[in-house]
Amino acid sequence: MVDLGRCDMSLWNALEAAANTGGALCAKGLMPEGELPEESWVAEGLSIDTRTIQPGDIFVAIKDVRDGHDFVRSAFAAGASAALVSRAPKDTPDGKPLLLVPDTLAGLRDLAAAARDRCFGKLIGVTGSAGKTSTKEMLRAALAPSGKVHAAQKSFNNHLGVPLTLAALPKDADFGVFEIGMNHAGEITPLTDLVRPHIAIVTTVAAAHLEFFASVEEIAEAKAEIFSGLRGIGNNMGVAILPKDNPYFDLLANRATQLAAAEIISFGTDAGSRIRMTSYEPQPSGLNTVHVDFDGTPLSFQLGLTGQHQAMNALAVLGAVKAVGGSLDKAIAALEAMQPVEGRGARHQLRIDGRKVTLIDESYNANPASMAVSISGLGAMPIQGKRIAVLGEMRELGESEAALHLDLANALEVAKIDLVFAAGPLMKEMYETLPEAMRGGFAATALDLVAPVKDAAMAGDIIMAKGSNASRVGLFVKELIASGT
């Protein structure tokens with residue numbers, strides 16, 4: 001189930017869902033006179049996954065790797081209120097309501113568009129080569145003091161996740177936050193055209209998914225597709241919030257103006273940034289001090305999320321809060337209270353054979369940009385012991401993958417990382433170019449690094465683990481935590 005939060009009124013009832021999809025309401029079997037189960041159901045959420053579905057959800061039978069129609073019976077057993085289907089499965093239980101449409105993905109999009117149109121809240125779209133999910137979570141926290149916020153609990157940012165999130169938008173939401181991802185040109189356009197955000201944030205543009213792009217400039221053009229769906233706020237223009245320090249800022253700003261005549265809010269350290277970070281002071285506690293000039297007004301706050309890149313994401317969030325009329329003071333207080341989550345900077349205090357060490361879990365995903373900021377962030381941390389980096393491979397980098405992995409060696413040396421442990425064939429050449437004193441160990445898989453990292457870790461050390469999902473660095477993190485005493 002896509003856990004998108006429960007609303008205090010029904011999200012969908014049978015007649016609304018049928019009217020907005022053009023579908024037919026039906027149920028299998030003969031019902032007692034006067035009973036119309038196909039017309040009397042209500043739903044509180046939507047799901048495409050019977051493993052996590054919640055009672056009261058509409059089960060959407062998507063044809064993807066598996067055909068969701070094969071799981072309709074299981075969905076009802078788990079408490080689904082109805083199923084959106086393109087055919088009636090033979091094993092559908094008697095009396096269970098079906099909403100029959102020609103194409104279930106199209107039907108889901110129809111529900112999403114209807115949910116968007118009936119909600120008067122402000123909608124925010126977030127894209128970028130890194131930081132989308134962290135920014136989405138910051139927006140959830142920062143906007144909550146100013147109204148009811150709707151956002152997916154996970155990184156639902158593709159052709160399925162975006163319409164699922166939008167179709168679950170409560171009628172009375174004040175704000176909706178939508179993460180919009182891509183790995184091919186043209187993928188963002190239909191998603192932003194569906195969401196039609198009032199605010200569009202681009203966190204950064206960097207080398208990612210280069211397997212599908214000839215250059216980073218092409219990636220910037222693909223990210224700029226988000227502006228095609230941008231709409232105004234009342235009588236004002238829509239707002240594009242863009243990274244001023246990024247080499248593709250001008251390209252993004254030009255596209256935002258061309259596609260949507262948007263107001264541009266820039267953020268970064270560049271002197272021309274409307275939201276300018278004047279200093280970033282990492283603290284041993286992990287609660288880092290950020291000083292900002294916001295359109296001429298000085299602001300200072302502390303951020304418990306690790307790394308200067310997270311402080312940059314926070315600047316974009318504050319710009320969005322201001323643009324939608326939220327409270328900046330309350331947003332800052334909410335950001336100060338945030339804690340990093342699993343895979344995105346969560347800090348763990350461990351005892352390894354009695355030695356106290358800190359583990360920073362950045363294992364959710366990785367590309368050259370996010371690797372660079374994580375390595376730089378580790379290098380900037382005040383520390384009593386050693387800085388240890390545990391790195392897995394980066395994926396979807398195309399013909400440049402070898403060179404982009406090799407480039408990490410320079411970043412590690414500049415950040416003065418004490419020990420590097422690396423896993424996977426793509427990391428081998430990079431590892432072997434490091435000074436011998438920096439080489440902690442190399443292995444075929446990240447899990448094979450647990451024992452050598454434990455042997456090397458001493459009291460006061462900080463261990464940062466990062467890699468693409470496919471590199472399985474997350475398994476290393478879980479095993480190291482489990483083995484800590």
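A charge sits over a ring if NZ of Lys or CZ of Arg is within 6 Å of the ring centre and within 35 degrees of the ring normal. The charged end of R344 sits over the ring of Y364, 3.6 Å from its centre. This is a predicted model: local features need pLDDT of at least 70, side-chain atom pairs count only at pLDDT 80 or more, and totals for chains, interfaces and linings use all residues. Residues are numbered from 1 along each chain as its sequence is written, and side-chain values use heavy atoms, with hydrogens and water left out.

**Rings and charges**

- A search of the whole structure finds 1 aromatic pair. Rings of Phe, Tyr and Trp (its six-membered ring) pair if their centres lie within 6.5 Å; planes under 30 degrees apart count as stacked, over 60 as edge-to-face and the rest as tilted.
- The partners are Y431 and F442, and their pair is tilted, at 5.9 Å centre to centre with 40° between the planes.
- Y431 lies in helix 15 (residues 425-433) and F442 in strand 21 (residues 439-443), so the pair ties together parts 11 residues apart in sequence. Helices (H or I, at least four residues) and strands (E, at least two) are DSSP runs, numbered from the N terminus.
- Y431 counts as buried, at 10% relative accessibility. F442 is partly exposed, at 30%. Buried means under 20% relative accessible area, exposed over 50%, and partly exposed in between (1.4 Å probe, protein chains only).
- The ring of F442 also has the charged end of K428 over it, 5.7 Å from the ring centre.

**Around strand 21**

- Strand 20 (residues 419-423) pairs with strand 21 in the parallel sense over 4 bridges. Two strands pair if DSSP finds at least two bridges between them.
- A422 stands opposite F442 in strand 21.
- From strand 20 the chain crosses through helix 15 to strand 21, and this β-α-β crossover is right-handed. That means the path from the first strand over the helix to the second runs clockwise, with the strands pointing away from the viewer.

**Strand 19**

- Strand 19 (residues 387-391) is largely enclosed by the rest of the structure, because 5 of its 5 residues are buried.
- In a regular strand the side chains alternate between the two faces of the sheet.
- Both faces of strand 19 are covered: R387, A389 and L391 are buried on one side, I388 and V390 on the other.
- Strand 19 runs parallel to strand 22 (residues 462-466), joined by 5 bridges. There, I388 has I463 as its bridge partner.
- Strand 19 also pairs with strand 20 in the parallel sense, over 4 bridges. In strand 20, the bridge partner of I388 is L419.
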